[in-house]
Amino acid sequence: MPKPSMRAVVIRITVLALVNVGLPTLAFILLPPWVGVVPALVVGTAIPALFVLIQWPIRKKLDPIGALAAVAYGIGLLVFVASGENPFVLKIQEAVLVGPVGIVLLISAIAKRPLLMTVMRYARRRKGESPTPANDFERRLWQAPTAVLGSALLVNALTTITLAFTLSTSTFLIIHKPVAFLITLAGIVIAVLLVKRRLAEVGAWAGKAPKRVTTTITGVRVFDGTQLTEPQDVSFSTVFENGDPAVRTDVVVDGSGATLLPGLIDAHTHTVRGRDDLASLARWGATTALDMATWPAPFAQAMRHQPGVADLRTAGTPATGPGGHHAGLPNFPKDGLIASPDDAASFVARRVEDGVDYVKIILDGPPPAGLSVDTAKAVVAEAHRNGLRVVAHAASLTAYRDAVAAGVDILTHVPMDGLLDQDDIEGIAGSVAVVPTLVMMEGMARTREDADYASARENVRRLHRAGVRILAGTDANAAPGIPWSPPHGASLHHELELLVDAGLTPAEAIASATTLTADTFALGDRGRVEVGLRGDAVLVHGDPTADIGVTRDITHVWIEGNRISGAGEPPSAQAQAPVEGAVREDSGQAPRHDARKDAVVTPYWKRRGVIAVVAVLAVAAGVVVTHGNTDAGPAAAQHGTRAQSASGFLNDVAEVAATQPTGSGKYWKTHLKTIDVYTSRSMQSTYVVAGKTVREGKSPGWRIGARRLGWNALDHLPTNPASLVRQIENARKDSVQENEDTGTLGFVQASTLLASAPASPELRGGLFRALAQVKGVSVVGTVKDSAGRSGTELAFHGGVGTTEVIVDPKTSTLLELVAPWRNEKDQRRTTYLSAGLTDRIG
């Protein structure tokens with residue numbers, strides 16, 4: 001028997017809800033004037049009960065919606081009769097029933113364990129299916145509908161209570177039920193439409209999408225793997241899995257002055273947030289993502305072949321030693337821990353069963369931190385026996401040598417603890433490709449004293465000169481416990497710039513993200529603009545072989561011939577010029593196409609404006625709850641009235657800061673979300689993760705202006721606000737933060753001092769007063785940080801974006817710092833759980 005479509009399932013649930021809830025409600029509205037309240041409640045209870053009894057012998061299953069409706073009305077009937085038919089009990093009985101259900105639904109949505117997801121998974125198990133473990137996409141699918149439905153029920157309950165205290169019984173019976181019914185119905189309808197919208201985004205809804213789209217770009221230069229061709233016309237298309245094959249769309253784009261690149265490939269990513277990460281990559285022209293560690297396997301498999309986002313390839317669970325750093329990551333699978341060569345065969349067999357595209361091993365050091373050379377050799381041999389390439393995480397000279405000795409195919413990362421010698425390079429050249437992830441190395445150099453980015457850059461230069469195949473990868477991730485997280489998509493363009501800085505020509509850098517990566521990973525259907533290959537393409541304004549920065553100036557991105565909306569940064573006026581008049585539907589200058597012939601899907605809320613208004617009015621509380629639990633960050637949870645001016649607020653906080661006790665202790669402890677840092681007065685720092693020391697070394701200290709200060713030097717800083725303002729405003733640009741303006745840098749430096757430095761109360765008060773005098777600071781309002789703590793958010797509007805800090809005005813504690821990185825789209829969030837003196841480490 002064929003499985004019903006998702007549309008059929010949702011329609012059936014909607015019909016059941018209307019029959020089991022709508023009909024009893026109508027009975028309760030219409031019957032009391034004629035037969036009385038008790039008979040009306042009896043009829044309301046009987047309708048869903050009879051419906052359940054009729055369905056049971058036919059479907060051989062109990063209808064849960066009907067059963068719940070019958071129980072709810074039955075409880076109302078019993079309570080009303082037991083109370084001596086008290087009118088007030090009749091009024092509030094519905095609120096007592098639906099209010100807690102709404103609260104439970106809201107709590108489950110906030111906890112990212114939506115109850116609707118649990119119900120649907122239970123229903124699938126009752127049908128004999130075995131649903132895979134819940135993943136991020138499934139939680140997101142049901143989180144918004146759960147919050148909306150919970151909000152509707154809660155609003156229903158609150159409305160009931162309000163009307164119960166303000167209306168007479170007769171008026172209440174006439175008015176309440178229609179109002180409550182409409183509120184609940186609006187919640188159900190909007191919840192269903194939200195599910196439909198989410199499923200439509202991933203092609204899971206059986207809609208009438210066009211099956212084939214043909215795009216022609218005229219007069220465009222094409223990157224052929226080494227250089228640009230002469231201007232030519234390029235046509236490409238794709239065949240989708242659903243839709244009417246008779247529908248066809250033709251789009252013409254003027255490519256004058258533009259360059260067509262093959263879809264970019266990021267050779268090292270991590271898909272932690274599922275579809276959102278893949279969508280971010282796609283918007284920046286990365287149409288293929290080579291994931292280097294994602295688990296569990298069902299989650300990784302669910303993200304494959306998602307339309308409209310980057311195509312995913314994955315290594316699944318990597319192999320590492322039981323004592324390695326990666327082994328301590330949250331929920332790291334135990335089957336990824338390998339202690340000896342004897343474990344190699346079973347590890348590879350599990351990866352083959354998971355359906356991975358290649359195998360990854362992590363060489364953190366000698367056992368038990370990492371894999372021994374013999375163990376690595378055994379994994380490589382077993383993987384090759386199964387036709388799989390092996391990628392090795394190797395970030396040190398020793399790890400590089402061990403990986404080469406083990407016979408891996410691809411090295412990811414590049415040593416920062418020294419320079420590769422001629423023997424090392426000869427062992428790599430000709431047989432091993434390298435994914436340096438310079439953007440990650442650059443970031444790690446900011447957080448680790450023993451990491452030297454100059455060594456990483458020089459090593460890439462040496463490898464390139466020796467003819468080693470260099471591939472572009474970023475290590476983009478949003479994983480907890482990782483000290484640096486390059487953003488998906490945007491960081492790939494910075495990686496290309498860093499590769500050029502390390503000696504590659506712009507054309508070689510582009511090849512490293514297209515043809516070379518496709519060849520290395522045997523992706524024969526992509527990486528080039530050639531007849532018969534996937535229609536993955538990126539149109540940029542200008543010549544990226546002359547200026548690698550042009551790759552950021554994206555005008556269009558296509559994946560399998562389907563244009564991706566919102567691709568790249570907003571194009572400049574110059575960038576818009578060559579495609580003016582192309583795809584006119586974007587500008588609204590041409591007559592609207594017939595919907596059946598238009599490849600661009602009309603935005604959801606434009607087609608359903610009435611539903612949008614109903615959603616805002618009926619379920620505003622649910623929208624706020626859901627929005628506060630997405631990747632928008634703590635600013636999305638803003639509430640309350642607008643605070644006083646920034647100057648007044650900061651001066652008030654300064655008074656609090658100057659009166660805080662100092663405490664005592666030998667170490668200054670900064671407690672972050674993923675790590676604890678203990679710093680002594682001699683500036684020796686110890687880094688502790690989950691109670692284990694992971695690194696020790698000399699701390700670089702704290703920056704203010706052009707100075708880097710140790711603990712003792714903080715005591716000699718002036719506390720006069722005017723002097724501190726001069727130092728903040730004279731902040732010198734850091735060489736590795738080339739796109740950061742001095743105003744932003746100064747604000748970030750002062751905020752970092754307040755959050756993580758052992759500053760005296762007088763100095764903290766002076767810093768707050770100094771910030772009160774800095775121009776560009778404003779009060780946003782009361783928010784919650786990512787740890788759920790309330791505070792007041794301040795925003796500094798600098799040249800490269802907005803820097804945000806959250807301050808607890810009661811204690812003067814700086815809770816969270818959100819600073820821009822490269823551009824306003826890419827931000828780094830640091831949450832300070834606590835900071836203070838302590839006498840011991842751990």
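A crossing is left-handed if the near helix is turned anticlockwise from the far one by less than a right angle, and right-handed if clockwise. The model is predicted, with local features needing pLDDT of at least 70, side-chain atom pairs counting only at pLDDT 80 or more, and totals for chains, interfaces and linings using all residues. Residues are numbered from 1 along each chain as its sequence is written, and side-chain values use heavy atoms, without hydrogens and water.

The crossing of α15 and α16 is right-handed. Helices (H or I, at least four residues) and strands (E, at least two) are DSSP runs, numbered from the N terminus. Helix α15 spans residues 438–447. Its axis comes within 9 Å of that of α16, and the two cross at roughly 160 degrees. Axes are lines fitted to C-alpha atoms, for helices over the stretch in contact, with angles from 0 to 180 degrees between N-to-C directions. The crossing angle therefore makes α15 roughly antiparallel to α16 (over 145 degrees).

Contact (heavy atoms within 4.5 Å) joins L438, M441, E442 and A445 in α15 to Y453, A456, R457 and V460 in α16. By class, this contact has six nonpolar, no polar and two charged residues.

Two non-glycine residues with positive phi lie in loops. H413 has phi near 85 degrees. H413 sits between β10 (410–412) and α14 (422–428). D475 has a positive phi of about 65 degrees. The loop holding D475 runs between α16 (453–465) and α17 (490–501). D475 is buried, at 9% relative accessible area.

Conventions. Buried < 20%, exposed > 50% of the residue type's maximum accessible area, 1.4 Å probe, protein only. Parallel < 35°, antiparallel > 145°, perpendicular 65-115°, else oblique. Nonpolar A, V, L, I, M, F, W, Y, C, P; charged D, E, K, R; others polar.
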